[in-house]
Amino acid sequence: MKLLYVKVLVLVAALGMIVYIISNLTPDKINSGLAAIGAAPGTADAPGLQPWTRNVSKGEERFNLCRTRVQAMEWADGKKIEEKKQGLKLTWEAHSPEARELPYLGVEKWFSRHCQIVVTKVTPVAGSPEFKGFLTLVFVDGQKTQILRAADGVYDFDGQTFKSPDLDDALTELSQIAQFH
């Protein structure tokens with residue numbers, strides 16, 4: 001009988017803590033909690049928790065490159081990173097032009113940090129440099145999306161033009177992981 005009273009007391013105390021937490025929960029507290037674990041709330045274009053690489057400054061916004069899982073990235077100069085499936089084993093390979101296996105977790109961590117980037121939207125003006133094919137993303141469902149780039153560092157992705165030092169840094173980091181020289 002004594003054990004029953006202890007169980008009821010523990011359950012009542014737990015219920016009291018839950019009610020207290022729910023009544024004191026605010027959006028600011030949720031955002032600071034997410035920031036503490038390195039995540040940010042999603043946007044309409046990218047719902048769910050997103051990696052929090054850095055705070056967004058005035059005039060910047062988060063932009064999602066990966067509408068679904070990426071299977072390969074193909075650069076205009078012939079370099080390529082692709083995921084290979086051999087039975088149950090998944091590997092990432094770099095081709096430039098010889099093939100070499102990459103550290104699987106290193107590439108997966110790169111995607112988790114850089115599928116969502118911080119951009120500054122740009123409106124192209126007459127006489128601005130011409131966009132050229134730069135990088136093609138191949139998704140697991142077979143669809144491809146091309147990222148175009150102008151000589152002045154402005155990107156065009158699905159009709160949206162932007163500058164992104166985050167994307168520049170991310171691609172440099174990926175080139176180091178892939179040992180593109």
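Strands E9 (residues 132–139) and E10 (residues 144–149) pair antiparallel over six bridges. This is a predicted model. Leucine 135 stands opposite isoleucine 147 in E10. Four residues lie between the strands of this hairpin, and glycine 142 takes a positive phi near 90°.

E10 also runs antiparallel to strand E11 (residues 155–157), joined by three bridges. Here arginine 149 stands opposite tyrosine 155 in E11. The hairpin of E10 and E11 has five residues between the strands, and glycine 153 has a positive phi near 90°.

## Helix H4

Helix H4 covers residues 165–178. Its 14 residues should span 20 Å at 1.5 Å a residue, and the end C-alpha atoms are 20 Å apart, which agrees. Buried residues in H4 are Asp166, Leu167, Ala170, Leu171, Leu174, Ser175 and Ala178. In an α-helix, residues three or four places apart point the same way, because there are 3.6 residues a turn. Glutamine 179 follows H4 with a positive phi near 60°.

## Salt bridges

The whole structure holds 11 salt bridges. One is formed by aspartate 168 and arginine 149, with the closest N and O atoms 3.8 Å apart. Aspartate 168 lies in helix H4 and arginine 149 in strand E10, so the pair ties together parts 19 residues apart in sequence. Aspartate 168 is partly exposed at 27% relative accessible area; arginine 149 is partly exposed at 28%. Elsewhere, salt bridges with shared partners join Glu74, Lys80, Glu82 and Lys84 into one network.

Lysine 84 and glutamate 82 meet at 3.5 Å, N to O. Lysine 84 is partly exposed at 30% relative accessibility, whereas glutamate 82 is buried at 14%.

Note on methods. Residues are numbered from 1 along each chain as its sequence is written. This is a predicted model: local features need pLDDT of at least 70, side-chain atom pairs count only at pLDDT 80 or more; totals for chains, interfaces and linings use all residues. Side-chain values use heavy atoms; hydrogens and water are left out. Helices (H or I, at least four residues) and strands (E, at least two) are DSSP runs, numbered from the N terminus. The expected span of a helix is 1.5 Å times one less than its number of residues. Buried means under 20% relative accessible area, exposed over 50%, partly exposed in between (1.4 Å probe, protein chains only). Two strands pair if DSSP finds at least two bridges between them. A salt bridge is a side-chain nitrogen of Lys or Arg within 4 Å of a carboxyl oxygen of Asp or Glu.
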